[in-house]
Amino acid sequence: MSQTDSDTAEQTEVNGELATPLDMLLADASSSLPRRFVPGMSGVRFAAGLARHPRRVVGRTAGLAGELVKVGLGRSELAPDEKDRRFGDDAWAKNPLFRRALQTYLATGRAARGLVDDAELDWGDDHRIRFIVDNIVEAASPSNHPLTNPKVLKRTLDTGGGNLIEGSRRFVRDFATSPRVPSMVEPDAFEVGADMAVTPGAVVLRTEQLELIQYAPQTDKVHEIPMLIVPPTINKYYVIDLAPERSLVEHLVRSGKTVFCISWRNPDVRHAEWDLDTYGAAILEAMDAVQAISRQSSTSVFGICSGGMIASMVLAHLAEVGELDRVASYTLAVTVLDQARAGVTSALMSHKAAAASTRASQEKGYLDGRTLAEVFAWLRPNDLIWNYWVNNYLMGHAPKAFDILYWNADPVRMSAGMHRDFMDLALRNALVEPKASTMLGSPVDLSKITTDSYVVAGIADHLCQWQSCYQATQLFGGDVRFVLSTSGHIAAMVNPPGNPKANFRASPERDGHPVNPASPEDWLASANRVQGSWWENWSEWLSTRSGGERNKPRKLGNVDHEPVAEAPGTYVHDR
């Protein structure tokens, strides 16, 4: 892999943390930025926790004071992590002033985070306080300030201050509109339909909620059973159809699969009442069209993140009404169905904040995807805020052009009805309890999904933690092959073959059936490690569940579903 490719992969991995559509867990999305950092009762319990352990606080304070004395005398051995790119310049180690500034920052940050450990808070309070402390510590880094960053000082001298003038222009432009965070990619870096989302195909169904894209086959023979992809409802679908050779859709059609994909409409105030049932019915309508066009009685379904949550509920509905045989296989990617301790986002949510957020989206008619992008950025401040702060505003550089970052800056709104229903599912953790939720009038019991399933997660996913994704193996009733990629949330999805470092772990098998113990840690200890991309493994798994082969269709659509536009369609361009 070239250095450029390596950097791209690294940036892709970073962006994966921001791209997650976990709006149902982010009740703070309708709050102002300062309000999101108010600790509330968690702050009271944090103070009480420290009061219960005065000796630890005194010891922590004394340790910090002693380390700062060493820093002042030039005897401190504190050093940043070798992988911390903020402090890669030689001046941080060789210049005594910069070295002392860095060591002071490291010592203070270590002490602040240590105080959170000392308070011994419960899970939710610990995550909330740690979120606030981490943001304060990252903001205080000397690399974020023009007078204490050697690279910025050198560039300022070299450009006569031109970098700061250019950076000021970029700052004003970025913070004039939502999301009020540094831009990660230029708005004209790519063009959908020209640089990405270019796999040939046509829109064969257009409804109020979706456009259904059928992709043109790229092999003479294709598998009989088609696939329907259900993408997230808070992002544009083309994360699975990025640039050529990085497109999952392209990989599937090259493997002889007949692929259909939903492109969700970007809802506005007119669509405030769209809810889970609305989207569930839309998925069934898309399935009807897929089966009619393919002349098949079943479809393989692939749900991604929030799209996977809805698709899982639809499958439970089909099981309840005796029509689960319409689903030949089910794939679920980076999706959390069990919200218990699902990560920092769920810890940041309270019932009061959830109610306030739901009221705000109801008044507006939707939850703005740009606001969610802002919230997600602050969950990874070093990578997603301050990295670009330095590059864009202090150095005066344009951000590099990465396709995933462009996709991430192209969000979709969420209707108020959908936001309300997702918040309700999250607060009650309703998908875990049989019949605690409904889809199209049917009680949802995930254990009735007996279809063979393939579940994918990313081991470095800090938002949809892989342990939470793994719980799907305990909720579904059929054979579930769980696959753990080495990547993060979205980088796990964009995982084309060819990377010699790529590998994944997969469920071990006994008598031809995958083995998934109750504990995800036990699964990890027994899982098989496989070199290469999970794309290839998944394609083989699909092939055995996609029927025989037949000649590729001579045209897309059918008499009842004539193509109305070329891929990527029109809904994908809505802002």
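## The second largest pocket

The second largest pocket holds about 700 Å³ of space. A pocket here is an open set of points on a 1 Å grid over the protein atoms alone, where a 1.4 Å probe fits, with protein on both sides within 12 Å along at least five of seven lines. The volume is the space filled by probe spheres set on those points. The model is predicted: local features need pLDDT of at least 70, side-chain atom pairs count only at pLDDT 80 or more, and totals for chains, interfaces and linings use all residues. Residues are numbered from 1 along each chain, and side-chain values use heavy atoms, leaving out hydrogens and water.

Helices H9 (162-175), H15 (369-379) and H17 (403-408) each give two or more residues; helices are DSSP runs (H or I, at least four residues), numbered from the N terminus.

## H15 meets H16

H15 also packs on H16 (residues 381-394) at about 105°, with axes 6 Å apart. Axes are lines fitted to C-alpha atoms over the stretch in contact, and angles run from 0 to 180 degrees between N-to-C directions. That makes the pair roughly perpendicular (65 to 115 degrees).

From H15, the contact (heavy atoms within 4.5 Å) takes in Phe 376, Ala 377, Trp 378 and Leu 379. H16 brings Pro 381, Leu 384, Ile 385 and Trp 386.

## H4 alongside H6

The axes of H4 (residues 54-73) and H6 (residues 96-119) come within 10 Å and cross at roughly 170°, which means H4 is roughly antiparallel to H6 (over 145 degrees).

Methods
On a 1 Å grid over the protein atoms alone, a cavity is a set of points where a 1.4 Å probe fits but cannot get out, and a pocket is an open set with protein on both sides within 12 Å along at least five of seven lines; lining residues have an atom within 4 Å of a point. Angles under 35 degrees count as roughly parallel, over 145 as roughly antiparallel, 65 to 115 as roughly perpendicular and the rest as oblique.
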